[in-house]
Amino acid sequence: MGFGQNFTSLMAFSRYSDGQWQTPDIRPLTDFNLTPASHVLHYASTCFEGLKAYRWADGGIRLFRYRDNIKRLRASAKALCLPMPDETMLDDMIKQAVLAVDSEIPALPKSLYIRPTLIGTEDNIGAAGKASKEAFLYIMTSPVGDYFSGGIRPLKLLIDEVNMRSTPTFGQVKTGGNYAAALSSVIRAREQYGADQVLYCPQGNVQETGAANFFVLKDKSLITKKLDGSILPGITRDSIIQLAHNQGYEIIECDFTVTELINWLPQSEAFLSGTAAVISPVGHLIHNNKTLAVGDGEIGRQTLAFREQLTAIQQGNQVDKFDWVTQINERC
């Protein structure tokens, strides 16, 4: 089955009602009982996270930067006016969701993808301008392999200078509405241009794709859009920046234009970053019906090196100098 289509048997769950969160529990992964009037179905009161757990060769189970996912989920909940779970509760639920399915966690190089999700469940279709007073928080898990079933390959992106992935300050929120807003233009790009994704560049300003942050590698410089609310503060994004800084790269977080990007292409590499695929090389950009190669159009040497370094830390094959990895069980 494809990435994210196979699930474990159990999940962690808690409900918010009467002004408080119920004690979380572990329960079978079954359907929810939602009414047609549920807030989330009408007003998109939902946010989520994506992270991974790894079973290392020593039998220990490790989470990668999960505390950063907790902080981001809480920030998304606040932006959506959803009941906000406290850090301790989220921390415990993530760990318990993983430990409960210990026997279903695959060996390396596979991993367990973890999806904490928060949805508004109040029955009130008149609450378009009100926060949901009830909510579900659940954490489901999915054993996964490589995001690219046939191995990584250079992607082709369509540059879109008209549409925006999200509103100017809401791109930092990990909510389903942002992905839904980008979907139609991504599908059109695939159908009309054979593109894999859309690089959103409203008014000629480079931002990110529909589901990942965008980077350019030029000589010993790593270039990416600055965090200003319009793009997602990716945890993989931040990990790459720290790796590059540790290796002496100049880190340039700034606004840059499509014109500047095109001028850099012959001497550059480019890639996307995200939890699911880690790093996805970019080989070509489509602009004004012309296909432009990034470098030689193949997977960049520096891009591949960053991918290998990051996955090596996640899987226990390289020393974790950044304190990113947390063990949550005893060694076998």
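Okay, a bit of housekeeping. Residues are numbered from 1 along each chain as its sequence is written, and side-chain values use heavy atoms, with hydrogens and water left out. Since the model is predicted, local features need pLDDT of at least 70 and side-chain atom pairs count only at pLDDT 80 or more, while totals for chains, interfaces and linings use all residues.

Let's begin with strand E9, residues 155–160. When I say strand or helix, I mean a DSSP run numbered from the N terminus: helices are H or I with at least four residues, strands are E with at least two. And buried means under 20% relative accessible area, exposed means over 50%, and partly exposed is in between, with a 1.4 Å probe and protein chains only. So, is E9 enclosed or open? Five of its six residues are buried, so E9 is largely enclosed by the rest of the structure.

Which strands does E9 pair with? Pairing here needs at least two DSSP bridges between two strands. One partner is E15, residues 278–287, in the parallel sense over four bridges. If you want a spot to look at, find Leu-158, whose bridge partner in E15 is Ile-286. E10 also runs parallel to E9, again joined by four bridges. There, Asp-160 has Tyr-200 of E10 as its bridge partner. To get from E9 to E10 the chain goes through helix H4, and this β-α-β crossover is right-handed. That label means that, with the strands pointing away from the viewer, the path from the first strand over the helix to the second runs clockwise.

H5 covers residues 235–246. For the expected span, take 1.5 Å times one less than the number of residues. With 12 residues H5 should span 16 Å, and its end C-alpha atoms are 17 Å apart, which agrees. Buried residues in H5 include Ile-235, Ile-240, Ile-241 and Leu-243, and Arg-237 is among them too. Just after the helix, Gly-248 takes a positive phi of about 90°.

H7 gives a similar story to tell. Its 14 residues should span 20 Å, and the end C-alpha atoms are 20 Å apart, which agrees. How many of the 14 residues of H7 are buried? The count is 10, so H7 is largely enclosed by the rest of the structure. Among them are Phe-306, Leu-310 and Ile-313, and also Arg-307. Just after H7, Gly-316 has a positive phi of about 85°.

On to charges. Side chains of opposite charge can pair when their charged atoms come close. We call it a salt bridge when a side-chain nitrogen of Lys or Arg is within 4 Å of a carboxyl oxygen of Asp or Glu. By that rule the structure holds 17 salt bridges. One of them is Asp-196 with Arg-153, with the closest N and O atoms 2.7 Å apart. The two come from distant parts of the chain, 43 residues apart: Asp-196 sits in the loop between H4 and E10, and Arg-153 in the loop between E8 and E9. Arg-153 is partly exposed, at 40% relative accessible area. Arg-27 and Asp-25 make another salt bridge, at 3.1 Å from N to O. Arg-27 is partly exposed at 29%, and so is Asp-25 at 32%.

Last up, the rings. Rings of Phe, Tyr and Trp (its six-membered ring) pair if their centres lie within 6.5 Å; planes under 30 degrees apart are stacked, over 60 edge-to-face, and the rest tilted. The count comes to 14 aromatic pairs. In one of them, Tyr-16 and Trp-21 are edge-to-face, 5.2 Å centre to centre with 65° between the planes. Tyr-16 and Trp-21 are both buried. Phe-64 and Trp-324 are edge-to-face as well, at 5.6 Å and 80°. This pair spans 260 residues: Phe-64 lies in strand E6, and Trp-324 in the loop between H7 and strand E17. Both Phe-64 and Trp-324 are buried. Elsewhere, Phe-3, Tyr-113, Tyr-147 and Phe-148 form one aromatic cluster.

And charges meet rings, too. The rule is NZ of Lys or CZ of Arg within 6 Å of the ring centre and within 35 degrees of the ring normal. Lys-220 has its charged end over the ring of Tyr-249, 3.8 Å from the centre. For Arg-165 over Tyr-179, that distance is 5.2 Å.
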